Every structure is written in C-alpha cells, then in structure tokens.
Amino acid sequence: MTFSFNPQSEIPNPQLFRLFVYGTLKRGYWNHQRFCAQARSIEQAVVWGRLYHLHAGFPAIEVPEGLILARGSVDPLADARRQQEIGTPCFGRPTGDWNLIHGELVTFTDPQRDLPPIDRLEGFRPGGHSMYKRVMVAVLCGRTSIPAWTYWIPCPPYAERVASGQWLRP
C-alpha cells in the first residue's frame, strides 16, 4: 500500500498519528501485518540517527538528543495533537557522526486503537523502565519535513552499527 504524501491536500485531523518505522514494522517484515495493517498510508522516509543491529535479531536507532521535538506519553490522543501542533520542523544535518536512516512513514487514523499495541511491542512504558523510548523527530518524506514519532534507544554497547542506514532482514 503506497500513497503519495501531499501535505497541502491533508485536512488537519487531530487523530492522525505518524510513526517512522525502520525495522520489523516495515512492509515485508514480520510485525508489519499485525501492527500496521490499519495504516492509512505508508511512504518511504528518512531520519537522522545511528542504526544498530541488536543481537536479539532486530534493529534500534539512536537519534541526536537535540533533534527530539517531544517525548511520548501515556495518552495517544495527546501525542497525536502534539504532533499536529509542531508544524514543519527543520530537517538539518546534525553535528557529529550521524547517518540518514531509511525507513517508512506510517500514518494511522486511530491512535487510541493503533498505538498502544505498538508501544507494548517496543517495550515503551512512559514514566517507567522502557526498552525503547518514543520520541518525535523531523522526518523527511519526499521533499517535505514533517514531525513523526519513532522508537529509539541510547547507543547499545552490545550492538553492531549499520553504516548503510538501512536495516535488512538478517
């Protein structure tokens, strides 16, 4: 399922929730059908970060702290509203050793239905111990920079860096 992303044709909808995925939630990978089948659209996109392959068999990204626009909460609707309020974020190259990470921008229309299962999959627990953290960053989709949520972890000492910026099925 691929649709063209055209921000000018988008009707403001506080229920829209955009998520940048870079691993097992992408089309063709094992978690896509279960967690992303209800998506309104899926587009190729990139973010700045560092991509790692974890020994458990899935990826993780680290994003520059200075590029985080917001941190995820326990309220999917509040997070969707916060995403709508950001506007057009800057997509400038950060200082340091960062790569473009290739993935997909997945747009959901019902964050209360779609987000909690993905948060559980990613081990995201706002206010508690979390495997991944959910943060909002600038995502480049085509030539348009938009705010989207993604899951990240600080640089894991037990992981291999993927210099290409694209995680492929092991």
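Visitor: In the hairpin of β2 and β3, which residue takes a positive phi?

Guide: Happy to start there; helices (H or I, at least four residues) and strands (E, at least two) are DSSP runs, numbered from the N terminus. This is a predicted model, in which local features need pLDDT of at least 70 and side-chain atom pairs count only at pLDDT 80 or more, while totals for chains, interfaces and linings use all residues. Residues are numbered from 1 along each chain as its sequence is written, and side-chain values use heavy atoms, with hydrogens and water left out. The hairpin has four residues between its strands, and the residue with a positive phi, near 105°, is Gly57.

Visitor: Over how many bridges do β2 and β3 pair?

Guide: Two strands pair if DSSP finds at least two bridges between them. His53 of β2 stands opposite Pro59 in β3. Strand β2 (residues 41–54) runs antiparallel to β3, and the number of bridges is four.

Visitor: Is His53 buried or exposed, and which side chain does its own side chain contact?

Guide: Buried means under 20% relative accessible area, exposed over 50%, and partly exposed in between (1.4 Å probe, protein chains only). His53 has 18% relative accessibility, so His53 counts as buried. A polar contact is a pair of N or O atoms within 3.5 Å; within protein, one must be able to donate a hydrogen and the other to accept it, and residues adjacent in sequence count only if both atoms are side-chain atoms. At 2.9 Å, the side-chain partner of His53 is Trp167.

Visitor: Which residues of β3 point the other way from Pro59 and Ile61?

Guide: In a regular strand the side chains alternate between the two faces of the sheet. Strand β3 covers residues 59–62, and its residues on both sides are buried. Opposite in direction to Pro59 and Ile61 are Ala60 and Glu62.

Visitor: Why is β1 described as largely enclosed, and which residue in β5 stands opposite Phe17?

Guide: Five of the five residues of strand β1 (residues 17–21) are buried, so β1 is largely enclosed by the rest of the structure. Phe17, Leu19 and Val21 cover one side, with Arg18 and Phe20 on the other. β1 pairs with strand β5 (residues 99–108) in the antiparallel sense over five bridges. The residue opposite Phe17 is Phe108.

Visitor: Which backbone oxygen lies 2.9 Å from a polar atom of the Thr150 side chain?

Guide: Thr150 sits in strand β7 (residues 144–152) and is buried because its relative accessible area is 0%. Contact means heavy atoms within 4.5 Å, and beyond four places in sequence Thr150 touches residues including Leu19, Tyr22, Ile61 and Val137. The oxygen in question belongs to Phe20.

Visitor: At what angle do α2 and α3 cross?

Guide: Axes are lines fitted to C-alpha atoms, for helices over the stretch in contact, and angles run from 0 to 180 degrees between N-to-C directions. Angles under 35 degrees count as roughly parallel, over 145 as roughly antiparallel, 65 to 115 as roughly perpendicular and the rest as oblique. The axes of α2 (residues 76–86) and α3 (residues 111–121) come within 9 Å, and the crossing angle is roughly 105°. That angle is why α2 counts as roughly perpendicular to α3.

Visitor: Which residues of α3 make the contact with α2?

Guide: From α2, the contact involves Pro76, Leu77 and Ala80. Leu115 of α3 is buried, with a relative accessible area of 3%. The α3 residues are Pro111, Gln112, Leu115 and Pro116.
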